[in-house]
Amino acid sequence: MAIRKGLKTARDYGLQSLLIVSDASSVVRLITNGSHSLAEISVVIHDIQNFLASMPSSVMSHIPRFCNRVAHAAAKWSVSNVGDFVWLEEYPLCLSSHLEEDSNPTVSF
């Protein structure tokens, strides 16, 4: 759901070239492999695939959680905050340490 919402927001802002990363490898596989499942999630997957098809310069990729602490922290933060949030230039201070950790990885993969 978050990926679909992010893609819709990016489209609404006129963004065309995106790098979308997720630590949910099964979701990335469903999206990138063109899943045609009948499961409830297939509607969301299909919407995401359509958004990506309309943004041909965009890429969807899996990344381990330890390499994307900012996204994990933002997701946890959003659970306790009501509403939709878009940060284009400034971001919540609670993400600062995670940004620094992600910018200076100590583990290679």
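**Note on the predicted model: fold, core, salt bridges and pocket**

1. Read along the sequence, the protein follows the pattern α-β-α-α-β-α-α. The protein thus has five helices and two strands, where helices (H or I, at least four residues) and strands (E, at least two) are DSSP runs, numbered from the N terminus. The C-alpha atoms fill a box of roughly 40 × 30 × 30 Å, taken along the principal axes.

2. Residues are numbered from 1 along each chain as its sequence is written, and side-chain values use heavy atoms, with hydrogens and water left out.

3. Buried means under 20% relative accessible area, exposed over 50%, and partly exposed in between (1.4 Å probe, protein chains only). Residues 24 or more positions apart account for 73% of the contacts with a separation of 6 or more, a contact being heavy atoms within 4.5 Å.

4. Which residues have the most contacts inside the largest nonpolar core? They are Ile 3, Leu 7, Ile 20, Ile 31, Ile 48, Leu 52 and Met 60, in a core of 14 residues. Helix H1 (2-12), helix H2 (25-32) and helix H3 (41-53) each supply at least two residues of this core, and H3 gives the most, with five residues. A nonpolar core is here a set of buried Ala, Val, Leu, Ile, Met, Phe, Trp, Tyr and Cys residues joined through side-chain atoms within 4.5 Å. In soluble globular proteins, nonpolar side chains tend to be buried together.

5. Leaving aside its neighbours within four places in sequence, Met 60 is in contact with Ile 3, Ile 20, Ser 22, Val 28, Ile 31, Thr 32 and Leu 52.

6. The count of salt bridges comes to four, each being a side-chain nitrogen of Lys or Arg within 4 Å of a carboxyl oxygen of Asp or Glu. One of them joins the side chains of Lys 5 and Asp 84 (3.1 Å, N to O). Because Lys 5 lies in helix H1 and Asp 84 in the loop between helix H4 (69-79) and helix H5 (96-103), the pair ties together parts that are 79 residues apart in sequence. Lys 5 counts as partly exposed, at 38% relative accessibility, whereas Asp 84 counts as exposed, at 62%.

7. Salt bridges that share partners join Lys 8, Arg 11 and Asp 12 into one network. Each member is partly exposed: the relative accessible area is 48% for Asp 12, 35% for Lys 8 and 40% for Arg 11.

8. How much space lies in the largest pocket? The volume is about 1600 Å³. On a 1 Å grid over the protein atoms alone, a pocket is an open set of points where a 1.4 Å probe fits, with protein on both sides within 12 Å along at least five of seven lines, and lining residues have an atom within 4 Å of a point. Grid points are joined across faces, edges and corners, and a volume is the space filled by probe spheres set on the points.

9. Of the 39 residues that line the largest pocket, the closest to its centre are Ala 2, Ile 3, Gly 6, Ala 71 and Ala 74. H1, strand E1 (19-22), H2, H3 and H4 each supply at least two residues of the lining. By class, the lining has 28 nonpolar, seven polar and four charged residues; Ala, Val, Leu, Ile, Met, Phe, Trp, Tyr, Cys and Pro count as nonpolar, Asp, Glu, Lys and Arg as charged, and the others, Gly among them, as polar.

10. Two further residues may be located. Arg 29 lies in helix H2 and is partly exposed, with a relative accessible area of 46%. Phe 85 lies in the loop between H4 and H5 and counts as partly exposed, at 38% relative accessibility.

Technical notes:
This is a predicted model: local features need pLDDT of at least 70, side-chain atom pairs count only at pLDDT 80 or more; totals for chains, interfaces and linings use all residues.
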